[in-house]
Amino acid sequence: MKNKWISLKKLITPDTILLYADETHVRSYQILRATWSEAGRQKQVPTYGHHAHVSVFGAVNVLNGDTVLHRAVAANATTFLDFLKILKSRYPDQLIVLVLDNARIHHAKMVR
């Protein structure tokens, strides 16, 4: 499928929703960068054998500052599609221009 680039100036009208979106991961564990300990005794940091995390999708409407957030168990094409459905339900019957980075999940086959 060939990409067709369109100038944003041609798409933006007073009724257009312009959103910048991305995703991130919030982890329940921290990286120990530096610490003090008694000379000759290494600091012990307990770990619990799991690295829980949550993925968060977010979009901001650059025209009015409105935000949309979606929490998911992972950031993949399926959960990104769920986020797109939430955006569509938030702005029904309006043209949405979504500005994304080049992450694989944003242009996966199932998303296209």
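Student: Which residues touch the most other members in the largest nonpolar core?

Tutor: A nonpolar core is a set of buried Ala, Val, Leu, Ile, Met, Phe, Trp, Tyr and Cys residues joined through side-chain atoms within 4.5 Å. Buried means under 20% relative accessible area, exposed over 50%, and partly exposed in between (1.4 Å probe, protein chains only). Here the largest core has 15 residues, and Leu19, Phe57, Ala59, Phe80, Phe83 and Leu87 touch the most other members. This is a predicted model: local features need pLDDT of at least 70, side-chain atom pairs count only at pLDDT 80 or more, and totals for chains, interfaces and linings use all residues. Residues are numbered from 1 along each chain as its sequence is written, and side-chain values use heavy atoms, with hydrogens and water left out.

Student: Which elements each supply at least two residues of this core?

Tutor: Helices (H or I, at least four residues) and strands (E, at least two) are DSSP runs, numbered from the N terminus. S1, S2, S3 and H2 each supply at least two core residues. The largest share, 5 residues, comes from H2.

Student: What does Ala59 touch?

Tutor: Contact means heavy atoms within 4.5 Å. Leaving aside residues up to four places away in sequence, Ala59 touches Leu19, Tyr20, Ala21, Asp66, Thr67, Val68, Phe83 and Leu87.

Student: How many residues does H2 have, and what is its span?

Tutor: The expected span of a helix is 1.5 Å times one less than its number of residues. H2 has 14 residues and reaches 20 Å from its first C-alpha to its last, close to the expected 20 Å. Its buried residues are Ala77, Thr79, Phe80, Leu81, Phe83 and Leu87. Their cover includes strands S1 (17-27), S2, S3 (67-72) and S4.

Student: What reaches the backbone nitrogen of Thr78 at the start of H2?

Tutor: A side-chain oxygen of Asn76 comes to within 3.1 Å of that nitrogen.

Student: How many aromatic pairs are there?

Tutor: A pair of aromatic rings is described by the distance of the centres and the angle of the planes. Rings of Phe, Tyr and Trp (its six-membered ring) pair if their centres lie within 6.5 Å; planes under 30 degrees apart count as stacked, over 60 as edge-to-face and the rest as tilted. The count here is 2 aromatic pairs. The rings of Phe57 and Phe80 have centres 6.1 Å apart and planes at 35 degrees, so this pair is tilted. Phe57 lies in strand S2 (residues 53-61) and Phe80 in helix H2 (residues 77-90), so the pair ties together parts 23 residues apart in sequence. Phe57 is buried at 0% relative accessibility, and Phe80 is buried at 1%.

Student: Is the pair of Phe57 and Phe83 stacked or tilted?

Tutor: Stacked, at 5.5 Å centre to centre and 25 degrees between the planes. Phe57 is in S2 and Phe83 in H2, so this pair links parts 26 residues apart in sequence. Phe57, Phe80 and Phe83 form one aromatic cluster.

Student: Which side chains meet in a salt bridge?

Tutor: A salt bridge is a side-chain nitrogen of Lys or Arg within 4 Å of a carboxyl oxygen of Asp or Glu. The count is 1. Asp66 and Arg90 meet at 2.9 Å, N to O. Asp66 lies in the loop between S2 and S3 and Arg90 in H2, so the pair ties together parts 24 residues apart in sequence. Asp66 is partly exposed at 24% relative accessibility; Arg90 is partly exposed at 40%.

Definitions and conventions: A polar contact is a pair of N or O atoms within 3.5 Å; within protein, one must be able to donate a hydrogen and the other to accept it, and residues adjacent in sequence count only if both atoms are side-chain atoms.
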